[in-house]
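Student: Hey, could you walk me through this one? I've never looked at it before.
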Amino acid sequence: MIGFLGGIIGGMGMGGGTILIPALILFLNIDPKIAQSINLLSSIPMTIFALMVHIKNKNTILKLIIPIATFGVIGAVIGSLVANHLSSELLRKIFGVFLLSIGCLEIYKGIKCPPKSCKCSFKKIKK
């Protein structure tokens, strides 16, 4: 069930780890470092299939993929090295603060710019 919900969220592009990691930690009592590795390994097939659907539906901007992926790989290496030196308890707190911050940001955006009347838009990047 946890994997199913993580797959749905991941397929929508929101990062299944936002569901999977807390669920593994809270409901299955798995160490945060192990939960992170489970999330990373399980995200590979989910990402591939979701990406195939998005490419088929032309929901990608290919010229952005290389720089984002390049810096993402660099960040992943640095983040993994840092995570190895932090305690599981500290990682749990950091992830909790991150999720809380994202939640607060989304609430703020929802209040400031409701979806139906939203005129807040980013510049469209040509595909």
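**A kink, a core and a cap**

Tutor: Start at Ser-43 in H3, where there's a kink of about 35 degrees, shortly before the proline Pro-45. The bend at a residue is the angle between axes fitted to the seven residues ending there and the seven starting there. Helices here are DSSP runs of H or I with at least four residues, numbered from the N terminus. Keep in mind that this is a predicted model: local features need pLDDT of at least 70, side-chain atom pairs count only at pLDDT 80 or more, and totals for chains, interfaces and linings use all residues. Residues are numbered from 1 along each chain as its sequence is written, and side-chain values use heavy atoms, with hydrogens and water left out.

Student: Which residue caps the N-terminal end of H3?

Tutor: Asp-31 does, with a side-chain oxygen 2.9 Å from the backbone nitrogen of Lys-33.

Student: And which residues in H3 are buried?

Tutor: Pro-32, Ala-35, Asn-39 and Ala-50. Buried means under 20% relative accessible area, using a 1.4 Å probe and protein chains only.

Student: New topic: which residues make up the largest nonpolar core?

Tutor: Leu-20, Ile-21, Leu-24, Ile-25, Ile-30 and Ala-35. Helix H2 (residues 17–27) gives the most to this core, with 4 residues. A nonpolar core is a set of buried Ala, Val, Leu, Ile, Met, Phe, Trp, Tyr and Cys residues joined through side-chain atoms within 4.5 Å.

Student: What about Ser-88, buried or exposed?

Tutor: Ser-88 is buried, at a relative accessible area of 18%. Ser-88 lies in helix H5 (residues 88–112).

Key:
Helix = DSSP H or I, 4+ residues; strand = E, 2+ residues; numbered from the N terminus. Buried < 20%, exposed > 50% of the residue type's maximum accessible area, 1.4 Å probe, protein only. Polar contact = N/O pair within 3.5 Å; in protein donor to acceptor, adjacent residues only side chain to side chain.
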